[in-house]
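I am opening a notebook on this structure. The entries below follow the order in which I looked things up.

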Amino acid sequence: MKTHFGIDLCRRFATRDLCRRFATRDLCRRFATTAALLALATPAFAASGDADVGRKKSAPCAACHGPNGVSPAPDFPNLAGQHADYLHASLKHYKNGKRKNPIMQGQVANLSEKDMLDLSAFFASQKGLDIKY
Amino acid sequence: MSPSRILLAAALAAFAVPALAQDNKITVQNKIAQCQGCHGIPDWKTAFPEVYRVPKLSGQKAAYIVAALKAYKSGERDFATMRAIAADLTEEQMQAVAKYYGEAAATTTADAKK
């Protein structure tokens, strides 16, 4: 059956419009899902340092900062009980050159993001530094 | 110089010395108050661009605190807030701040917790 040209045109446009709407909605939905997943994943990732794994990686740190995070030398900072996110930020800054220290620069060069998170979690879990008012 | 003037000068000096010491004490307390604004608040965080908790200072090595303050003052270590604060600190004031937060102080807090 031959449809009227006008009706055909109408239908085509209608379909195209519907398609477009659905495509957009689908994209929107996908975007929302991705955003939600990212939002959920980011804090989890930021906090995902494993203190036990960090302990195993901490031998080189212990030489200067002490195995229990309390440094045997007056010039090296104590790490025990320090905030994990501060330690992590410091390690990152040594790695990207924002903070400069020849010893630390050499130490962090081969550390991955996961290594830095694990080490930060390990030293943060020790007892030591405190907040004083 | 007449004897009375010498006496007057001595008397003035006697008054002035404790007054100066008092001033210094107040200045150090003011400096520490500046630290407390961030480092004395549990879980206080830095702002944009990176957000992380400001370091705990109590129990830190005094020599390290002085070195950090000097590095901020010289610009070697880069954090705008700490640079601005360290810029106004004399070596003496840095030592006083480091003594306040230094290791000995924290051992007592840690002991108190046990």
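Which residues does Gln36(B) touch, not counting residues up to four places away in sequence? I looked this up and found Tyr133(A), Ile41(B), Tyr100(B) and Tyr101(B), where contact means heavy atoms within 4.5 Å. Gln36(B) is found in helix α1 of chain B; helices are DSSP runs of H or I with at least four residues, strands are runs of E with at least two, and both are numbered from the N terminus. I read Gln36(B) as buried, because its relative accessibility is 11% and buried means under 20% relative accessible area, exposed over 50%, and partly exposed in between (1.4 Å probe, protein chains only).

Ground rules. I am reading a predicted model, in which local features need pLDDT of at least 70, side-chain atom pairs count only at pLDDT 80 or more, and totals for chains, interfaces and linings use all residues. Residues are numbered from 1 along each chain as its sequence is written, chains are lettered from A and ligands numbered from 1 in the order in which they are written, and side-chain values use heavy atoms, with hydrogens and water left out.

Confidence. I checked pLDDT, the predictor's confidence in each residue, from 0 to 100. Chain A has a mean of 80, and 65% of its residues reach 70 or more. Within chain A, helix α1 (residues 5-46) is lowest at a mean of 52, while helix α6 (residues 113-124) is highest at 98. Over residues 40-45 of chain A the pLDDT stays under 50, and the model has two contacts there beyond four places in sequence. Where pLDDT is low, the predicted coordinates should not be read in detail.

Interface. I found 25 residues of chain A in contact with 28 residues of chain B. The area buried between chain A and chain B is about 2,700 Å², and carbon and sulfur atoms give 50% of it; this is the accessible area (1.4 Å probe) that two parts lose on being put together, summed over both. On the chain A side, Asp130(A), Lys132(A) and Tyr133(A) lose the most area to chain B, together 25% of what that side buries.

Salt bridges. I used the rule of a side-chain nitrogen of Lys or Arg within 4 Å of a carboxyl oxygen of Asp or Glu. Asp85(A) and Arg53(B) meet in a salt bridge at 3.0 Å, N to O.

Arg53(B) also meets Asp43(B) in a salt bridge, at 3.4 Å. Both residues of this pair sit in the loop between α1 (3-39) and α2 (62-74) of chain B, ten residues apart. Arg53(B) is partly exposed at 22% relative accessibility, and Asp43(B) is partly exposed at 45%.

Arg55(A) is partly exposed at 48%, as is Asp52(A) at 47%.

Last, Arg83(B) forms a salt bridge with Asp78(B), with the closest N and O atoms 3.8 Å apart. Salt bridges that share partners also join Lys57(A), Lys114(A), Asp115(A) and Asp118(A) into one network.
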